[in-house]
Amino acid sequence: MRTYVAAIDQGTTSTRCMIFDHGGQVIAADQKEHQQIYPRPGWVEHDPEEIWERTQSVIRAALQRAGITSADLAAIGVTNQRETTVVWDRRTGRPLHNAIVWQDVRTDGICAELARDGGQDRFRPQVGLPLATYFSGPKIRWLLDTIPGLRTAAEAGDALFGTIDTFLIWRLTGGAAGGVHVTDVTNASRTMLMNLRTLDWDAAILAAMGIPRAMLPSIRPSSMVYGTATGDLAGVPVAGDLGDQQAALVGQTCFNPGEAKNTYGTGCFMVLNTGHDIVPSQSGLLTTLGYRFGDAPAVYALEGSIAMTGALIQWLRDNLGMITSSAEVEALASLVEDNGGVYFVPAFSGLFAPYWRSDARGVIVGLTRYVNRSHIARAALEATAWQTREVLDAMERDSGVLLTALKVDGGMVANNLLMQFQSDALGVPVIRPKVAETTALGAAYAAGLAVGYWQSLDDLRANWQVDRVWQPQMPAEQREAHYALWKKAVTRTFDWVEGQG
């Protein structure tokens, strides 16, 4: 009897393998960080080989901790940092360049060039996305323009592109010895190359960006058997694939239109299920895929993406040395009652939703002699909550749905001070589930559904349980006064990099 389902959660800063039982409870897990590579200001890279080595390591460790073998697994799913772009040699499996990470801004010139004909929203009707450095398409173009011989190899199908899910599934299923070259609709929707209506690569956009179709993976549903694993997972069906934020939507069982979740990780991502309707955004949000299970119709979503949340706390740790571990920030921020008038807008890679300003850079405003490092730590936490408020306001404008509560997940939801302030900033309850790492759980659910380990969405809903609820405590007048100061601080980030707006 195959008793469990596993998930690989390949994130921006680390890779983990988690093993779940039928009740959606974690049986075992292992996690390892990987190196962040910064070749130039604004450039962010990862080593794909290091990520693959970490993936193999956490799989072995999780199986060992659970006291099981691959024969006990019904399926494995993959979830991943989205938009991060890898190209590799089909014959050798060797990466042809470091992965270009979603935060990287090197493609700003390419985006500006593409925007000269049709503006920043040139492709939005087809793909639901603005032209921005965030997405994979311009990164592929940069690689094709930069690596000698890559375009010729890509046109011949000898150089392959994938987001991290594609790279890992290819390696898991045999790599150069027959690995499957696939992605799912959620990851494909973040490339700026997939048409939301046809769920296929858009020929006109490929032509405009100069990207050969031969290098692209096949687009598949988020839940189906793509192939069979080799190596440590030999014989296990690889059966689920979701971008990390869509995986969290599934893990939070937000299967009804109007249900939303917010994931607090390296960045922060709020996703609202809009059902089978493609809802264009008038407020700076992204129209994207929520998921597609097997042959069922695709489910769409609105998303607000914030670049720097958990990464800001890492910055306090690694760049400033204010804390020695990310967990310490809550204690440091708790030493003061408020932010001391300080607002910290972490536009380190520009601003994402709802502004989409690549010319913005980070600012700390409101500094006086009174301010100490605890105020700055508190302002860094509050930045996450205020950015989330801006995204929620945009969602309510676009969808016409007033959110009555927010389901939250991700590493930062262990921070009780932040969760209380998030409820205060929104004026609605914030709900943390018992399994906070819902990204991996969503990938496991997709894989388990594909092989019949779970029979229906109702099975998954029955697993969801509340851990804690925070109620808003801040008076509405005080909330809006603080929010006005936050929005004033955001304007101070604009136009720092001249000529980019």
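This section describes the pockets, cavities and helix contacts of a predicted model.

Empty space comes first. Rolling a probe the size of a water molecule over the atoms shows where such space is left. The largest pocket holds about 830 Å³ of space. Its lining consists of 38 residues. Nearest the centre of this pocket lie Y264, G265, T266, G411 and M412. Several elements each supply at least two residues of the lining. The strands among them are β2 (14–20), β3 (26–33) and β15 (260–264). The helices among them are α9 (244–251), α10 (310–318) and α11 (328–333). Helix α10 gives the most to this lining, with five residues. By class, the lining of the largest pocket has eleven nonpolar, 18 polar and nine charged residues.

The second largest pocket contains about 610 Å³ of space. It is lined by 23 residues. Of these, Y38, V44, M308, W315 and N319 are the closest to the centre of the pocket. Here, too, α10 gives the most to the lining, with five residues. The lining of the second largest pocket divides into nine nonpolar, ten polar and four charged residues.

The largest cavity has a volume of about 110 Å³. Its lining is made of 16 residues, and I306, L351, F352, A353 and Q387 lie nearest its centre. The lining of the largest cavity comprises 13 nonpolar residues, two polar residues and one charged residue.

The second largest cavity has a volume of about 90 Å³. It is lined by 14 residues. V435, L441, N463, W464 and Q465 lie nearest the centre of this cavity. Helix α14 gives the most to the lining, with three residues. The lining of the second largest cavity has five nonpolar residues, eight polar residues and one charged residue.

Helix packing follows. Two packed helices are described by the angle between their axes and the distance between the axes. Helix α12 (residues 373–399) and helix α13 (residues 416–426) have axes that come within 9 Å. These axes cross at roughly 40°. Helices α12 and α13 are therefore oblique to each other. The crossing of α12 past α13 is right-handed. On the α12 side, the contact is made by R378, L381, E382, T384, A385, W386, T388, R389 and L392. On the α13 side, L417, L418, F421, Q422, A425 and L426 take part. The residues of the contact of α12 with α13 comprise nine nonpolar, three polar and three charged.

Helix α12 also meets α16. The axes of α12 and α16 come within 11 Å and cross at roughly 95°. This angle makes α12 roughly perpendicular to α16. From α12, the contact takes in A383, W386, Q387, R389, E390 and D393. From α16, the contact takes in R479, E480, H482, Y483, W486, K487 and V490. By class, the residues of this contact of α12 with α16 are five nonpolar, two polar and six charged. Q387 of α12 belongs to this contact, and Q387 also lies among the residues nearest the centre of the largest cavity.

The axes of α9 and helix α14 (residues 438–450) come within 7 Å. They cross at roughly 80°. Helices α9 and α14 are therefore roughly perpendicular to each other. In α9, the residues in contact are D244, A247, A248, V250 and G251. Their partners in α14 are T438, T439, L441, G442, A443 and Y445. The residues of the contact of α9 with α14 divide into six nonpolar, four polar and one charged.

Some elements link the two parts of this description. Helix α9 supplies at least two residues of the lining of the largest pocket, and its residues meet those of α14. L441 of α14 is in contact with α9, and L441 lies among the residues nearest the centre of the second largest cavity.

Notes: Residues are numbered from 1 along each chain as its sequence is written. This is a predicted model: local features need pLDDT of at least 70, side-chain atom pairs count only at pLDDT 80 or more; totals for chains, interfaces and linings use all residues. Side-chain values use heavy atoms; hydrogens and water are left out. On a 1 Å grid over the protein atoms alone, a cavity is a set of points where a 1.4 Å probe fits but cannot get out, and a pocket is an open set with protein on both sides within 12 Å along at least five of seven lines; lining residues have an atom within 4 Å of a point. Grid points are joined across faces, edges and corners, and a volume is the space filled by probe spheres set on the points. Helices (H or I, at least four residues) and strands (E, at least two) are DSSP runs, numbered from the N terminus. Ala, Val, Leu, Ile, Met, Phe, Trp, Tyr, Cys and Pro count as nonpolar, Asp, Glu, Lys and Arg as charged, and the others, Gly among them, as polar. Axes are lines fitted to C-alpha atoms, for helices over the stretch in contact, and angles run from 0 to 180 degrees between N-to-C directions. Angles under 35 degrees count as roughly parallel, over 145 as roughly antiparallel, 65 to 115 as roughly perpendicular and the rest as oblique. A crossing is left-handed if the near helix is turned anticlockwise from the far one by less than a right angle, and right-handed if clockwise. Contact means heavy atoms within 4.5 Å.
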